[in-house]
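Reader: Hey, can you walk me through this one? I'm new to reading structures.
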Amino acid sequence: MLGSSQQRVLSYNGELLVFQLSKAKRGEGAAGKAAELHVRRMAFDRGTKLFAQKSSGAFSVRAKHLDAEIVCCDCATHSKTGIVLPCVLMRIKKHDGVVEHVLLSLYSSDQFEQCCRFKLDYELKEDVRLFTGPSVLWRHANKLFYISSDTCTVLSAPVQLSSIVWTGEIEGEGTVVLGIRTACLPESEDADEFSTSDRAIWGSEFFGYAIERQKMLTGTHFMPHAYSRVVSSVCVCKNEILKKQLRISAVAITHKNQLIWFQDGVPKGVCELPYKKPCSIKTAVTSSNDLLFIVSFSSGNVCVVRRENLQVTTQWQKVKSVLVDDFIGSGTEQLLLLFNDDSNMDVLNMFKITDFGKVNYESGIIYKDDVPAAEGLQENGLLTIQALETRLQAGLTSVRELQQHLGLKKRVILESCRALIDLVDGRNHVLPSAKKEGLVCLWDDVEKPLSVSEELSLTPKLQDHFIEKLWHRVVDDNLVVGVKLTESFCLSVGDTSLSLVMDQDSSLISPIIECQNKILKVNQVFSALSVSSCQNEPPQKKMKLDLHSKNELKKGFHKKYSRTQVDKANTVTAVTSLSPLLAFHRVCCAVLLHAKKQKHWNGDLPKSKRITLLCGKILLSLEDISNGKYSVNMLRDNSYCTGSMEDILAILAVSIRFSFQIQSSDCTLTRVNSWLLGEMECVPFKECYDMVFSQKAGNMYGTVFSWTMKSPFEGVLTLFCRSLTVMFQCLHSLTRALPPSCDVKLLKCGSKNMLTEQLALALEKEMFTSRSFLSSKQSKAENNLSRWNEPGKKISDPPVASLLDSKDGVQQFRKKLQIEREECVLSMNETMDGSLYQEMALKVAEAQLSSDMIVWRLS
């Protein structure tokens, strides 16, 4: 190596990057010479206890060697990729007095990339820093300058400063420069008195400047202004935003040979340093989780201070450079000290690696008791195992707490289920005290036992009034429970469901049985049958809105509601898996009906209230199921199927419904009936002759069909089958029986004409819901408007009639009419109570949801 060559060392991801600037010939016979920037990537070998070269690279600089110089090197984040890369700033002197600077970044392939190149009429010497971009920041003539690789333009910050003590990232602010400047006292009297007097006494102050946001920050977040005359360097250890306030932990070194720890701008401790002229400070976190401060001095000395007690623990002399990184791959940081060695130009000839614990390597020492490299890896594995054991213990503690929480949650749910069973049966239930489980009761503990609510006390009366029959059937591996409702059932059918609650007192399972609900609606003469799983059909007759009389509106709504319910007799079914229930051999279940009860308020729209009715209990035993007591019996009697209505409903409840529209352009669809009665071996139900039951052996047995002819060339075929496989088998058989010209199309739900009528009714209901919530003043304003628009209205007021006899009178009448109309429109612009508006928005959203659902089914 040449004596005039330059060397810089940088740590990156546990490796050492040695940058060296030296001469290199451009080509044989060339007159000029160029400088080359070389890089060696070194890694520590735990077997030899030395640094070994992994790879190398080079970059040619168009300048003579004596004119090129390495200014600084550091790691910076690339703004486009977010990757931290090593960066090198070089200076090239020109003969015309211009100084050119080149910023290079190094990739993992040891290839250099030029980030930016800029020219200045002076050399960068004061406070040169590299930061995110990569970008360069420096101070010159008490001004702050910076250039980014994105813009490649030198920018100047609007601040005057005497020195830069720290550059780094602050949460929420980006890259921030902490500097010292002459105090700028505010002219206003609203400024903080302590801060103002502090700056006035010392004549200088700290300030922060956010580069990206071009924003000034208060320097007292870091430390008081009184330290601005003595602090030479700062290291921010931690910064975060808590409760919208910036919290900063920092350490600073001073010209008075002191190290001071600051917390949120307040000094918390001080340490006397053993040497004079401290110049820089770094931090390290070792394997023992200790925070160390490494202070370097201009004389080449280094000392280490522990954060725990702010005491100097170790010090060295004749140190060329000190680096912090994970050099041995243990997962924690170590210190690498490079010492001066005049006898050897290799910068890594004398070094020391230590973490003030188990890790302690030093060059020039022969380790006789050293273990082989494999055992060194074993030592690394032991360190990893220790960390994993700590994490495992913490995880086990979390698992125990989670198990306790889940156990408590399970006990609370089971106790709630027992209380529900007792409440349904009319028994008193005493809840345990919340203190036993370590809980906090949301209500005051009551000594007397809970009594049955007034609503449930009326259950027998409501049961006799609304519930006609309770039945249950077994279909394959399914238990079907049905509740037939009377014609006088005036509850909301769309929000009706069943729940099954077991009587067994077991702490191992929940007594609530999971089931699927369906609502089956059959008209009284059994001429048609439809299945719905969401809501009841809209009323068949439209309701005319009368804006002049609220009493007629109330009567119309009652009339509409009662007519809808009387027209249909409804059955609610619940389907659940039978196998889990057979594990108890005998099981008794209470059947609960949940519905919405309609109550009228203010004479306008109905207000729903949830109620629960006890329909009765069902008893299941393995012996009865084995004897076929609850099985579905579909026997053939001549040309009819003799299954009861409960059997039909049970089959429909466990089946999947598909509707197909069949159209033919050149022939009638008489073959569909022939196909049903012939190949599918279907027999109509005696109780419901529009439905046919397939008795064909195999998978298709038990499939229910309904064929409706709209015209000789169009019809709708509805299938109720057990699975998708059966549906495809039926379609395959049907397409073979139909002519090729027939078109079979799957309908989403129902026919198009029926859905169109439902959409019209739903839109009418949506409009009615919106209008019914208008205030009395708004209704009055609309009535006033409608009074003027009423056709055939005669003006009988004598003063007004006299105005119409002349031309001027007509113009005066028109102005009066226009003024009254404007007043009516303005009277509609009234505020509305918050609770009324909230209820109006909820009702309108429910109506719109119904309309949107029908539109989706039509699309």
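**Contacts and cores**

Author: Let's start with Leu 479: leaving out residues up to four places away in sequence, Leu 479 touches His 472, Arg 473, Val 474, Ala 574, Val 575, Thr 576, Leu 578, Leu 581, Ile 618 and Leu 620. Contact means heavy atoms within 4.5 Å. This is a predicted model, where local features need pLDDT of at least 70, side-chain atom pairs count only at pLDDT 80 or more, and totals for chains, interfaces and linings use all residues. Residues are numbered from 1 along each chain as its sequence is written, and side-chain values use heavy atoms, with hydrogens and water left out.

Reader: Ok, and which residues touch the most other members in the largest nonpolar core?

Author: Those are Leu 479, Val 483, Leu 498, Leu 581, Val 591 and Leu 620, in a core of 26 residues. A nonpolar core is a set of buried (under 20% relative accessible area, 1.4 Å probe, protein chains only) Ala, Val, Leu, Ile, Met, Phe, Trp, Tyr and Cys residues joined through side-chain atoms within 4.5 Å.

Reader: Which strand gives the largest share of this core?

Author: β37, with five residues. Strands here are DSSP runs of E, at least two residues, numbered from the N terminus.

Reader: Switching topic: what's the strand order in the open sheet of four strands?

Author: The order is β25-β26-β27-β28, with antiparallel pairing. Two strands pair if DSSP finds at least two bridges between them.

Reader: Why is one side of β25 and β28 left without a neighbour?

Author: Because β25 (319-325) and β28 (360-362) stand at the edges of the sheet, each with a single partner strand.

Reader: And what's the bridge partner of Lys 352 in β28?

Author: Glu 362. Strand β27 (residues 351-354) pairs with β28 over three bridges, in the antiparallel sense.

Conventions. Buried < 20%, exposed > 50% of the residue type's maximum accessible area, 1.4 Å probe, protein only.
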